[in-house]
Structures are given as C-alpha cells and as structure tokens.
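Have the viewer open as you read.

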Amino acid sequence: MNTGDRIPDKRKYLLENFGRAMQEGWLEVYYQPIIRGSSGRVCGEEALVRWDDPVLGVLNPAEFIPILESVNLIDRLDLYVLEQVLAKLDKFKEMGLYRVVHSVNFSQIDFFSSDIVAEVKQRVDASSVPPSLIAIDVIESACSTRDEAVLSKLDQFQKLGFQVWMDDYGNGDFSPILLQQINFDLLKINMNLVSQVRTSKSAKVIITELVRLAMALGIEVAAEGVEDDDEAEFLKEIGCVKLQGFYYCKPVSLSDILTRYKNGTQIGFENPDEREYYTAVGHVSLYDLAFTNNDENGMVDYFDTLPMAILQVNSEEISLLRCNANFRKFFHANFTDKRGVTTYHFKGSDKLVGFYAMTEVRQCGIDGKRRIIDERTKNGKTVELLINKISDDPVTGMAAVAVVILSVTERPGNLDDLSYNYIARALAEDYIKLYFVDMETDEYTEYASDGKNRDITAIRRGQQFFDVPEDERYKFIYKEDRARFIDSFTKEQITHDLNKYGKYTITYRSLMNGEPKYVNLKAVRVRTDNRHIIIGISDVDAQTREQEAFQRIKEERITFNRIAALSSDFINIYCVDPNTGFYEIFKMNPENMQYELDPEGGDFFKDSRERFKEIVYEEDVDALLKIFTKENIIASIKEQGLFTYTCRVKRINGGFRYVTMKTALLEELDGPHLIFGLINVDEQVRKEKEYAEKVSEAEDKAIRDELTGVKNKHAYAIAEEEFNVRIEAKRANDFALVVCDLNGLKDVNDNFGHQTGDQFIKDGCKIICTVFSHSPVYRIGGDEFVVIVQGADYGNLDKLLENMEKVNNRNAKKKEVTIAVGVAKFDGQREMSEIFDAADAEMYLNKKRMKKGEPTHHARVNF
Ligand code: C2E
Ligand code: MG
C-alpha cells in the first residue's frame with residue numbers, strides 16, 4: 001500500500017500520533033529469535049518494533065525511526081520497547097519459561113538526548129529481569145564517531161551487568177580499533193555480508209577473519225539475515241555461534257510466540273544453565289588449525305583446513321555438535337553408509353570400525369586429557385586423530401570434545417602405514433592379562449586389557465612373581481593341568497627357554513567362572529633389556545578346542561581308513577543315533593554309490609527301509625523288511641551282541657550280489673551309537689556255495705558205487721551206524737532190510753569177461769532200484785545189494801517181493817539176470833547186523849531154492 005497517497009504528510013501524522021501509538025498499543029514489539037548453531041536452540045531474542053497504524057497499516061521501523069530520531073523522540077520509543085521486553089520477561093518468569101537474553105535496539109541519538117543508562121537501569125531494576133538478560137544493541141556507526149559520551153555510556157552499561165552488542169558489523173567503517181575500545185559482548189555481522197556467502201569467496205574470507213578477530217578478542221559473533229542452509233553451515237563452521245534470520249524465524253509478535261508455545265511449534269529455548277557450555281563449544285574455530293598447501297593462491301586454499309568436529313559425548317552416545325566442511329567431506333567419503341547420521345551409539349558398536357576412536361572420545365570427555373590416537377577405517381586407511389575436551393554441559397552431563405583429523409593415509413590397506421600403536425593395541429586385545437616382570441627382583445606389574453576400549457591398564461603391582469604360595473597361585477589352574485604347570489612354570493625353566501628359544505610358552509586350562517578354558521601363556525624378553533620379561537596370557541580356548549576336535553576327526557579318519565583298507569569288502573558304514581535315527585555315512589567304496597542313503601539324514605531306519613525296496617533283490621525284499629526294524633535290530637544286539645543278516649542286492653547290470661548287514665551298538669562319550677555296515681559277501685557266499693557243492697560231490701563220491709551209481713558199502717556202514725543210534729534211542733521207525741544177491745555173476749565173468757559182468761551187475765541193480773523205487777539201495781559186495789525199505793515201500797513190501805519174484809521168473813526164462821532176495825523186518829532187534837543176518841540167511845535159502853528151480857520164500861512183512 002502506498003501510504004503516502006492517503007496521508008499527504010506522513011511525517012507530521014506520525015509525529016502527532018506517536019504518543020497515542022504508544023498508549024493505544026499501535027507500537028508493537030516483535031521478537032526475532034537468535035539461534036545457537038551448536039544446539040539449534042533459541043539463545044536470544046531481538047526486539048524489533050512495528051507500528052500497526054489504524055490508518056496506515058503496519059509500518060516498518062525504517063519508515064518512522066528516522067523521523068523520531070530527527071526530533072529526538074527516539075529514546076521514548078526505545079525505552080517503550082525496553083518496557084515491553086521487560087514485561088514480556090516478567091511474564092515468562094511467571095509462566096516458568098526459560099528466559100534468554102533480549103537485545104533492544106538503541107539509537108545513537110539516545111546516547112545524547114537523555115541519561116539513557118539511568119533510564120534503562122531504573123526500568124530494569126523495577127522488573128524481575130537481571131541486567132545480564134538485556135543486551136544494548138547499537139549499530140556500528142553509532143559507535144564509530146568514537147564519541148566519548150557513547151563509549152563511556154556503553155562502558156557504564158557493561159559495568160551494570162548489561163550486555164553490549166554491536167549491530168551491523170562490517171557495514172560501515174569496519175573499525176578494528178573500536179573492538180579494542182569497547183569490550184563488546186557480541187558482534188553481529190552485517191546482513192549484506194552474510195548474503196554474499198554463496199557468491200563471493202572474499203565475503204567468506206572477510207567473515208572468517210572477522211570471526212577470527214572477534215574470537216581472538218573474546219567476543220562472540222552472531223550473524224543476521226541468515227536465509228539459507230549454506231549460509232548457516234558456513235557460519236557455524238567458522239565459529240559464528242549465533243544465527244538470526246528468516247531461515248530460522250521471522251520476527252513474531254508476543255501473542256504469536258505464546259500461541260506457538262501452546263501449539264508446541266516454538267523453537268525450544270536454551271536452558272540458561274547450559275549457556276556457558278555452549279559458549280565454550282562455540283568458541284572453537286574449526287578453521288584455527290588451518291594450513292595452506294599452495295602459497296601462491298591463498299584464496300583457493302584458505303578453507304583447506306584440517307577436518308574438525310566438535311562432538312558431544314556421554315557414556316552411551318556421541319552426537320555431532322559442529323563440524324567444518326572438510327570433516328563433512330571426510331565423513332561422507334569414509335562412511336558413505338552413515339550419511340546424515342549424527343548420533344553414534346556405543347551399545348552394539350563394539351565390533352564395528354571406529355569403536356576404538358569413539359571410546360577414546362568418551363574417555364577424553366571423562367578425564368579431559370588431550371590425546372592423539374590412530375584408527376583404521378573400513379577401507380583400510382589409517383586416520384590420526386587429535387582429541388581434546390572443550391567443556392562439560394552441567395545440565396545434560398555431556399562433554400564437548402573436539403576431534404581433529406591430523407592425517408589420513410592415502411593408500412588404503414598399505415601395511416607401511418600401520419602404526420606400532422595400532423598393532424600393539426590390536427594384539428593386546430587378545431590378552432586376558434599381561435605381566436611385566438623384573439627377573440632380578442621378581443617385582444611385577446599386572447595389566448589387564450580392557451576388551452572394550454582396547455586399552456591396557458595396570459591393575460596391580462606385586463613383589464614376588466615366582467614365589468606365591470602354591471595353593472594361592474595355582475588354584476586358577478584346572479586340576480588336570482596343575483601338576484604339569486607347576487613343573488614347567490619355574491623361573492629356571494623360563495630363563496632356560498628364553499635363552500634357548502627366545503620365548504617360553506605353555507598352554508593349559510585355566511578356571512574361568514569355574515569352567516576350564518584353554519589359555520596360552522607366553523613369556524618374551526623386553527627388547528634391549530635382559531632384565532625384564534613380559535608375560536601375556538591369551539584365551540585360546542576356542543582355537544584349542546577346534547584343534548582338538550580336528551585332531552580327533554583326523555584320528556578317526558585314520559582309524560577308519562585303516563579299517564577300510566583291511567576290510568575292503570565294506571560297502572559303506574553308517575553311524576546312527578539309536579534314539580533319533582539321525583545318521584552319518586562313511587563311504588568306503590566310491591563304486592558302491594548306488595547302495596547309499598543320503599549323506600546325512602533324519603531317520604536311518606525309515607530311510608533305509610525305503611531304499612531297500614529299490615536296491616534289494618526282489619525275492620529278498622519282503623523277508624528283509626520283516627526283520628529290519630529298529631526293535632528287532634536292538635533286540636538282536638541285546639541277545640547276541642550283533643545283528644547280522646545276509647541277503648541279495650541288485651547289480652546295476654542285472655543279477656544280484658550277496659551282502660551282509662552287520663550292526664553293533666557302541667557306547668561312546670557322547671552316548672550310544674549304532675554302527676551299521678553293509679558288507680559285500682558276494683564272492684564269499686558264492687565260494688562257499690561252490691565249496692559246499694564240491695564237498696558234497698566228494699562226499700558223494702566216497703559213498704557211491706561207481707559202477708551202478710547206487711550207494712556203496714561205506715554209505716551202508718554210515719546208515720547202519722545211524723540206524724543203530726536210532727534203534728538204541730528207540731526212535732527208529734518201521735523198516736526192513738532186503739538183501740539181494742545176483743545169481744551167476746561168477747559164470748558171466750568167467751565166460752563172457754568183466755565188461756559183460758559189469759553190465760550184468762548194472763542190470764541187476766536196475767531191477768532192484770526199480771522194484772524198491774522209494775528206498776535207498778546199497779551195493780555192499782560184488783554181486784550183493786542191501787535195501788533199507790521204509791515208508792511207502794515198507795507198506796508194500798510183500799507186494800514188492802512178489803514183483804521181484806515175477807521179474808526173476810521172467811528173466812530165468814530169458815536167461816537174464818536173476819536175484820536172490822532175503823528180507824528181515826526191524827522187530828525189536830538191538831542192532832542192524834542182527835536184521836541183516838536174518839535177511840542174509842533167508843537170501844541164501846532162496847538162492848539155493850532158485851538153483852534148484854524151486855519157488856522162493858519170504859517172511860511175510862505186511863500181514
Ligand atoms: P537491525 O537491528 O539490523 O534489525 C534486523 C533487521 O533485519 C530487522 O528489520 C529484521 O526484520 C530484518 N531481518 C531479520 N532477518 C532477516 C533476513 O533473514 N533477511 C532480511 N532481508 N531481513 C531480515 P526491521 O525490523 O525492519 O528493522 C530494521 C532496523 O530498524 C533494525 O535493524 C534496527 O536498526 C531498527 N530498529 C528496529 N526496531 C528498533 C527499535 O525499537 N529502536 C531502534 N532504535 N531501532 C530499531
Ligand atoms: Mg539490531
């Protein structure tokens with residue numbers, strides 16, 4: 001709105017209405033927060049006046065302040081604003097809100113037109129506000145006159161406890177001398193300069209130098225007119241601790257502030273108790289450690305500073321308060337995954353890169369000791385860090401610690417860049433305890449490695465390292481290893497080993513929380529020092545146990561291979577947990593893959609029964625499945641110590657082979673195991689069969705008559721023996737002996753030769769065999785046979801003898817072989833020979849009868 005249109009003489013209007021404006025509240029104080037860069041909280045507010053005119057609308061100070069100045073009324077306005085500010089702070093106190101310093105703009109004219117100091121003091125004294133919460137804000141040009149009146153009044157203000165701020169610094173005369181003359185509490189950098197940060201490198205240099213100058217003089221620096229992120233970051237980096245501008249917040253009215261409070265949208269106020277802490281934090285220039293690489297172009301390298309950050313740390317976490325651009329660059333380059341992360345939590349980070357450095361930061365926060373350490377980054381670079389404490393926050397208990405990156409090795413992973421410190425630290429981490437022992441006096445110091453911080457700290461000093469009462473010193477050693485340890489761990493032995501091998505070591509089990517754990521004790525001499533030794537005890541439990549297990553497996557393998565070499569007939573062996581059925585396979589023979597179960601499995605019995613259906617020869621499957629159950633196998637092992645079963649498995653190319661399954665139960669350290677072996681017994685079984693056949697063939701030969709093929713007299717002797725046993729045991733069934741004698745063999749032999757004689761015998765034998773077709777026939781002499789008649793033949797005996805007679809009659813006519821036959825049945829005799837004799841006697845009688853052509857007679861059997 002062009003206010004000039006409606007009010008032709010605005011100046012006159014404003015002057016006439018100035019008093020009313022104050023009374024009616026048209027003059028309203030707006031507040032613009034000043035932000036602490038490191039905390040992001042409001043650390044101050046500037047009072048800026050507005051004239052909300054009912055006719056002209058809202059007027060900015062530029063429209064009415066020069067007018068009021070020109071008529072020396074400005075002090076009335078400024079004191080009016082001060083009153084509003086004091087009222088606000090009173091109200092805040094009542095409301096229990098934090099109160100931060102409020103700056104009130106005072107015109108240069110104020111210093112001449114009235115006793116401004118007294119006016120201010122009187123008002124402040126009448127309020128609840130301490131002078132330290134009021135900053136007298138004067139513009140640079142106001143002071144630049146170097147008028148004694150201004151300077152002395154500012155001095156008075158300061159003496160009364162007020163803060164004195166210089167506004168608009170860098171705008172006008174830019175006088176460093178001024179800074180020397182007045183001990184300003186704060187310099188506010190001119191808005192024009194700030195607005196050039198993005199575009200002008202020289203503006204950046206000027207601001208940086210201004211800040212550096214102010215800081216060197218112990219003056220805080222604020223920047224006004226901060227409108228964006230770039231400006232804010234830059235200003236924070238160079239140590240400009242307070243920031244004001246639209247980027248954070250525009251000036252707002254008190255009622256707006258209260259509404260924001262109510263809505264929770266107000267930027268939080270700084271706790272006054274933390275003021276000192278944040279002041280200290282802010283006072284570090286992150287460019288103080290600047291160095292220039294290239295002297296010819298100072299401007300280019302002006303900001304090529306060491307990466308530096310100020311961190312805030314407590315026992316649990318670290319957060320970033322401030323950092324410079326190079327630190328941000330370094331951080332982004334080396335921790336790409338941590339972009340945007342500003343808080344580091346100790347918990348759960350102890351295995352991650354950077355933990356050591358972070359714990360050092362934490363430690364520095366506690367002990368305040370400056371340290372230089374080195375740390376390795378994930379990509380193998382070595383980073384050297386300077387860590388220095390700045391201040392403690394009394395409210396949060398956090399400490400501010402500056403971290404400067406002094407150097408970073410260029411070539412990642414280059415071993416030359418590993419520092420001794422780094423290596424020593426890494427190694428020391430492995431030691432549970434370290435001792436530094438004086439071998440002359442036996443005095444020692446015990447160190448423990450703090451696993452978390454990887455720091456070695458002395459925890460005890462003692463007098464007699466080797467001369468501690470035995471029970472005291474060795475009670476930590478596992479009893480099985482104690483004697484060996486005591487025997488070996490002597491000063492003499494250690495000295496001997498050090499001389500001979502340059503070190504002494506022993507591995508034993510130490511009791512930790514009652515559990516035996518393997519540890520390795522190693523003693524070495526301190527270099528260039530013959531008197532002292534260092535003894536380190538490291539935890540090698542996992543390693544040793546692994547080694548032991550490995551050794552055990554190796555031994556098992558060797559044993560197994562030896563067994564395998566001996567019994568190449570094993571197709572495979574399974575080790576089965578009888579409770580769960582879980583199994584492990586030991587392969588013996590790669591060609592036998594087709595008989596294997598899966599390499600490892602869930603249930604041996606179930607899996608193998610399934611597999612049997614595929615691999616076992618069809619005819620044997622059912623029988624095997626019937627017998628191959630867990631219950632049967634265990635029962636059989638209980639009874640006989642072993643379960644064995646032989647059956648046939650299929651061959652790939654058809655046919656079958658014999659295998660034997662053998663199962664034994666072994667009680668081992670870790671419980672019972674069923675050892676199941678599949679053995680190839682094919683050759684053996686086949687050989688056995690062949691052998692059995694050969695044996696029976698040989699046996700047969702021994703008892704068979706070569707000429708006729710019937711059994712011989714040996715066989716009869718055996719049979720006679722068996723029958724005698726049975727007779728004696730009264731277990732003999734009904735039987736009869738038939739003795740047969742061929743008639744006229746001698747004549748045939750004599751007249752027709754042996755060959756015809758042989759045929760004659762064969763013919764006769766055939767007749768006997770045909771007649772007694774169900775009974776064994778024995779040839780017991782040249783022409784003599786005996787038949788043991790049993791079973792069906794016995795029941796038919798009389799009839800069979802009749803048949804024999806018929807054959808004889810027929811043959812007699814044809815002049816063929818006839819047979820004299822005698823019979824005797826078993827009927828209470830005690831021996832076979834008795835029966836035989838009876839039959840033989842009857843045969844002789846019949847032979848005589850036949851010679852005479854008379855009919856033969858037989859004792860009747862079947863009646
Ligand atoms: P100043 O003391 O330098 O105040 C800062 C001025 O910059 C304010 O303008 C404020 O609104 C403005 N400002 C703050 N942040 C930004 C930003 O990010 N960008 C831009 N472009 N401007 C920003 P305002 O309120 O118009 O005040 C102008 C000047 O009037 C003040 O300059 C101050 O010298 C004077 N003034 C204001 N109130 C009073 C008063 O009560 N008494 C006296 N004697 N002078 C006053
Ligand atoms: Mg100002």
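This is a predicted model: local features need pLDDT of at least 70, side-chain atom pairs count only at pLDDT 80 or more; totals for chains, interfaces and linings use all residues.

Residues are numbered from 1 along each chain as its sequence is written, and side-chain values use heavy atoms, with hydrogens and water left out.

**The magnesium ion**

Glu46 (OE), Asn105 (OD1) and Asp167 (OD) coordinate the magnesium ion (ligand 2) at 1.9 to 2.2 Å. Donors here are N, O and S atoms within 2.8 Å of the metal (3.2 Å for Na, K and Ca); water is not among the atoms, so the site may look incomplete. Along the chain, these donors follow the spacing E-x58-N-x61-D. Glutamate 46 sits in strand β2 (residues 42-53) and asparagine 105 in strand β4 (residues 101-105), 59 residues apart; strands are DSSP runs (E, at least two residues) and helices likewise (H or I, at least four), numbered from the N terminus.

**Ligand 1**

Around ligand 1 there are 20 residues, the closest being Arg50, Asp78, Asp167, Glu227 and Phe246, where a surrounding residue has a heavy atom within 4 Å. β2 gives the most to this shell, with four residues.

| Side chain | Ligand 1 atom | Distance |
|---|---|---|
| Aspartate 78 | nitrogen | 2.6 Å |
| Asparagine 105 | oxygen | 3.1 Å |
| Glutamate 224 | oxygen | 3.4 Å |

The protein covers 81% of the 790 Å² of accessible area that ligand 1 has on its own (Shrake-Rupley method, 1.4 Å probe).

Terms used. Chains are lettered from A and ligands numbered from 1 in the order in which they are written. A polar contact is a pair of N or O atoms within 3.5 Å; within protein, one must be able to donate a hydrogen and the other to accept it, and residues adjacent in sequence count only if both atoms are side-chain atoms.
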